[in-house]
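This report describes one protein chain, from its overall make-up to a few selected elements. The sequence and structure come before the details.

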Amino acid sequence: MAALPDIFPKIIELPSGLKLEGCLTPPSPVTELDEERGVARLPGKRLAVCLHPWARLGGSMNDPVLQALVHPLTHYLKFHVLRYNARGVGRSSGWKSFTGLQEGEDLRELVQYALKRLSDVRQVAFIGYSNGALTASLHPVLPAHIRTAHVLISYPLGPRGLLTAFRTGTYQCALEDLIRQPAARVLMCYGDADDFTSADAYEEWTEALGKLAVGTEEGGGREEMPQQGAGVGEVDQDESGTGEQGGSGLEVVRIPQATHFWGGHAGSGLIEAVTQFLT
């Protein structure tokens with residue numbers, strides 16, 4: 001078998017000619033504990049593709065929030081984790097687009113590249129943080145033999161128009177279409193102290209998305225991480241029920257006192273939410 005550096009060079013050249021600077025972190029070796037948890041018996045490979053925040057404000061594949069997820073993904077969940085710089089960032093070629101739509105096309109190309117290079121991938125998780133969540137939401141569910149998950153962290157609802165050159169409707173439709181797909185699994189994580197979007201705005205928006213997932217006019221379920229003092233990993237649910245919503249599996253996690261940047265204890269809550277969702 002070829003070494004990982006040969007499979008995934010630091011500069012990935014896509015069929016379109018675009019060159020993306022990337023970093024692939026392989027899963028850690030399987031331990032006895034992994035055997036007991038059944039991780040070793042998972043069929044095929046697992047791939048997590050991480051998308052960074054807005055490059056015009058310094059976002060890159062080395063973003064601390066994305067880096068914090070690498071260890072739990074590779075050690076506990078045995079994912080191959082692919083982080084990359086979007087076009088025009090770092091050593092990646094091309095120019096940043098104003099709408100972000102071209103970055104969505106780049107993601108599709110990159111995923112196909114990754115699937116061919118790794119081979120036998122049975123699960124793909126798109127993990128987008130801030131502006132990266134916009135790009136991740138543009139990628140549809142993969143063919144049936146590959147289990148697809150979307151993790152959207154601090155989706156920039158408030159500044160979405162400015163980030164996309166006012167293509168708000170395009171991104172909203174893409175997200176709604178994704179949620180309606182029966183095979184989709186979507187996790188939405190946000191903090192109730194987000195710097196750019198109010199908790200009320202998030203709540204109203206996610207409830208509307210929940211109705212699409214359920215397919216009824218009834219309010220969808222949503223999950224909240226515990227207030228300070230509750231045990232790590234515990235989840236308090238409100239009266240609307242569970243976080244699993246319909247066939248599309250929309251799950252919403254609101255973490256108290258978390259800002260857009262996930263500092264302090266909020267970062268631990270985020271990691272717990274993501275790992276539980278992808279387990």
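## Terms and overall make-up

A residue is called buried when its relative accessible area is under 20%, exposed when it is over 50%, and partly exposed in between, using a 1.4 Å probe and protein chains only. By this criterion, buried residues account for 53% of the 279 residues in the protein chain. The model is predicted: local features need pLDDT of at least 70, side-chain atom pairs count only at pLDDT 80 or more, and totals for chains, interfaces and linings use all residues. Residues are numbered from 1 along each chain as its sequence is written, and side-chain values use heavy atoms, with hydrogens and water left out.

The protein chain has nine helices and 10 strands; these are DSSP runs numbered from the N terminus, with helices being H or I of at least four residues and strands E of at least two. Contact means heavy atoms within 4.5 Å. Of the contacts between residues at least 6 apart in sequence, 73% join residues at least 24 apart. The accessible surface of the chain is about 12,700 Å², and 53% of this belongs to carbon and sulfur atoms; such areas come from the Shrake-Rupley method with a 1.4 Å probe, and for residues only the protein chains shown count as cover.

## Strand S6 and its partners

Strand S6 (residues 147-153) is largely enclosed by the rest of the structure, because six of its seven residues are buried. Two strands pair if DSSP finds at least two bridges between them. Strand S5 (residues 121-129) runs parallel to S6 and is joined to it by seven bridges. S6 also pairs with strand S7 (residues 186-191), in the parallel sense, over four bridges.

Leu152 of S6 is the bridge partner of Gly128, and Met188 in S7 is the bridge partner of Leu152. S5, helix H5 (residues 131-137) and S6 form a right-handed β-α-β unit: with the strands pointing away from the viewer, the path from the first strand over the helix to the second runs clockwise.

## Helix H9

Helix H9 (residues 265-278) has 14 residues, which should span 20 Å at 1.5 Å a residue, and its end C-alpha atoms are 21 Å apart, which agrees. The expected span is 1.5 Å times one less than the number of residues.

Among the buried residues of H9 are Leu270, Val274 and Phe277. The buried residues of this helix pack against strand S3 (45-51), helix H3 (64-76), S5, S6, S7 and strand S10 (250-255).

## Pro29

Pro29 lies in the loop between strand S2 (19-25) and helix H2 (32-37). With a relative accessible area of 65%, Pro29 is exposed. Leaving aside neighbours within four places in sequence, Pro29 is in contact with Asp34 and Lys78.
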